Amino acid sequence: MKKLKVAIIGAGPSGFGAAEVLNSDKYSPYFDFTMYERNDYVGGKCCTVFEDGTIAGDKPGGYEMGAVMMSRYA
């Protein structure tokens with residue numbers, strides 16, 4: 001059986017939710033997916049930021065907005 005190719009647009013919470021479902025034992029035999037993200041970080045609005053709102057990226061400090069919970073997919 002040929003797998004259906006799926007494009008997931010955005011590596012935010014919804015994109016990771018879709019990836020988790022498609023990667024489950026129930027659906028992984030039927031789907032291959034690729035996740036696309038326009039930014040150089042994952043997490044969408046759930047990322048580590050500094051007080052001024054800039055993205056911390058790999059720099060120490062800042063406030064965690066939830067991206068660590070999703071980093072196992074990155």
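How many salt bridges does the structure hold? The structure, a predicted model, holds 1 salt bridge, formed by the side chains of Lys3 and Asp32. The chain has 74 residues, with 1 helix and 4 strands.

**Overall layout**

- Read from the N terminus, the order of elements is β-α-β-β-β.
- Of the 74 residues, 22% count as buried.
- The chain exposes about 5,600 Å², and 56% of this area comes from carbon and sulfur atoms.
- Among the contacts in the chain with a separation of 6 or more, 51% are between residues 24 or more positions apart.

**Strands β1 and β2**

- Strand β1 spans residues 4–9 and strand β2 spans residues 31–36.
- These two strands pair in the parallel sense, over 6 bridges.
- The chain gets from β1 to β2 by way of helix α1 (residues 13–22), and this β-α-β crossover is right-handed.

**The salt bridge**

- Side chains of opposite charge can pair when their charged atoms come close.
- In the pair formed by Lys3 and Asp32, the N to O distance is 3.7 Å.
- Lys3 sits in the segment before β1 while Asp32 belongs to strand β2, so the pair ties together parts that are 29 residues apart in sequence.
- Lys3 is partly exposed, at a relative accessible area of 33%.
- Asp32 also counts as partly exposed, with 39% relative accessibility.

**Helix α1**

- Which residues of α1 are buried? They are Gly15, Phe16, Ala19 and Leu22.
- These residues cover an arc of only 125° around the axis, so they lie on the same side of α1.
- The cover over the buried residues of α1 includes β1 and β2, the two strands that pair in the parallel sense.

**Gly10, between β1 and α1**

- Gly10 is found in the loop between β1 and α1.
- Is Gly10 buried or exposed? With a relative accessible area of 18%, Gly10 falls under the 20% cut-off and is therefore counted as buried.
- Leaving aside residues up to four places away in sequence, Gly10 touches Gly15, Met35, Tyr36 and Glu37.
- Of these, Gly15 is one of the buried residues of α1.
- Gly10 and Arg38 are separated by 28 residues in sequence, and their C-alpha atoms are 7.3 Å apart in space.

**Ser28, between α1 and β2**

- Ser28 is located in the loop between α1 and β2.
- At 23% relative accessibility, Ser28 counts as partly exposed.
- Not counting residues up to four places away in sequence, the residues that Ser28 touches are Lys3, Leu22 and Asn23.
- Lys3 is the residue that meets Asp32 in the salt bridge, and Leu22 is one of the buried residues of α1.
- Ser28 and Lys3 are 25 residues apart along the chain, with 8.8 Å between their C-alpha atoms.

**Pro60, between β3 and β4**

- Pro60 lies in the loop that runs between β3 (48–49) and β4 (63–64).
- Pro60 counts as exposed, with 73% relative accessibility.
- From Pro60 to Phe50 the C-alpha to C-alpha distance is 9.6 Å, and the two residues are 10 residues apart in sequence.

Methods:
Residues are numbered from 1 along each chain as its sequence is written. This is a predicted model: local features need pLDDT of at least 70, side-chain atom pairs count only at pLDDT 80 or more; totals for chains, interfaces and linings use all residues. Side-chain values use heavy atoms; hydrogens and water are left out. Two strands pair if DSSP finds at least two bridges between them. A crossover is right-handed if, with the strands pointing away from the viewer, the path from the first strand over the helix to the second runs clockwise. Buried means under 20% relative accessible area, exposed over 50%, partly exposed in between (1.4 Å probe, protein chains only). Contact means heavy atoms within 4.5 Å. Accessible areas come from the Shrake-Rupley method with a 1.4 Å probe; for residues, only the protein chains shown count as cover. A salt bridge is a side-chain nitrogen of Lys or Arg within 4 Å of a carboxyl oxygen of Asp or Glu. The arc is that of the directions from the helix axis to the C-beta atoms.
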